[in-house]
Amino acid sequence: MMDLNEIMKQAGEMQAKMKEMQEKLADIEATGEAGAGMVKVVLNGKGYAKAVAIERSLMKEDEAEILEDLIAAAINDAKAKLEKETEEQMKKMTAGLPLPPGMKLPF
């Protein structure tokens, strides 16, 4: 049986590793596109919009509904890419950590 000091040491190491993972994940960026690249949205690792680019030809009053749909689609595309990249990075970063099967991080 492990002694309490060893368990506390491992918990501290895991906590430091978790902090490092969260910082790395915050630096990830994902670009979503819609309308064949006419609308682009960049999200940071925390899911916040960092940039939006819209093709000027879409900025017509009678095109407003199309533009709104394209912006929503670009955000959703970026979010899906961000989730995929985050999952891949988490797998890399947690390799070797003694985590129970099926445990998802960050909490």
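Select V39 first: V39 stands opposite I54 in β3. A strand here is a DSSP run of E with at least two residues, and a helix is a run of H or I with at least four residues, both numbered from the N terminus. The model is predicted, with local features requiring pLDDT of at least 70 and side-chain atom pairs counting only at pLDDT 80 or more, while totals for chains, interfaces and linings use all residues. Residues are numbered from 1 along each chain as its sequence is written, and side-chain values use heavy atoms, with hydrogens and water left out.

**The strands**

Next, display β2 (residues 39-44) together with β3, which pair in the antiparallel sense over 5 bridges. Two strands count as paired if DSSP finds at least two bridges between them. Select K40, whose bridge partner in β3 is A53. Strand β1 (residues 29-34) runs antiparallel to β2, and 6 bridges join them.

Each hairpin has a glycine to select. Between β1 and β2 there are 4 residues, and G35 in this turn has a positive phi of about 60 degrees. The hairpin of β2 and β3 also has 4 residues between its strands, and there G47 takes a positive phi near 90 degrees.

Now select the whole of β3 (residues 49-54). How many of its 6 residues are buried? The count is 0, and the strand is hardly covered. Buried means under 20% relative accessible area, exposed means over 50%, and partly exposed lies in between (1.4 Å probe, protein chains only).

**Helix α1**

Move to helix α1 (residues 4-26). Its 23 residues should span 33 Å at 1.5 Å a residue, and the end C-alpha atoms are 33 Å apart, which agrees. The expected span is 1.5 Å times one less than the number of residues.

Select M18, M21 and L25, which are buried in α1. Then select L4, I7 and M8: these residues form a nonpolar patch on the surface, with about 330 Å² of accessible area together. Such a patch joins nonpolar side chains (Val, Leu, Ile, Met, Phe, Trp, Tyr) within 5 Å, or like charges within 9 Å, taking residues with over 30% relative accessible area and no salt bridge. The areas come from the Shrake-Rupley method with a 1.4 Å probe, and for residues only the protein chains shown count as cover.

**The salt bridges**

The structure holds 4 salt bridges, a salt bridge being a side-chain nitrogen of Lys or Arg within 4 Å of a carboxyl oxygen of Asp or Glu. Select K24 and E20, whose closest N and O atoms are 3.1 Å apart. Both lie in α1, 4 residues apart, about one turn of the helix. K24 is partly exposed at 44%, and E20 is partly exposed at 36%.

Continue to helix α2 (residues 64-94), where K81 and D77 are 4 residues apart. Their salt bridge has its closest N and O atoms 3.3 Å apart. K81 is partly exposed at 39%, as is D77 at 24%.

Finally, select E87 and K91, whose side chains meet in a salt bridge (3.7 Å, N to O). Which secondary-structure element holds E87 and K91? They are in helix α2, separated by about one helical turn because they are 4 residues apart. E87 is partly exposed at 46% relative accessibility, whereas K91 is exposed at 56%.
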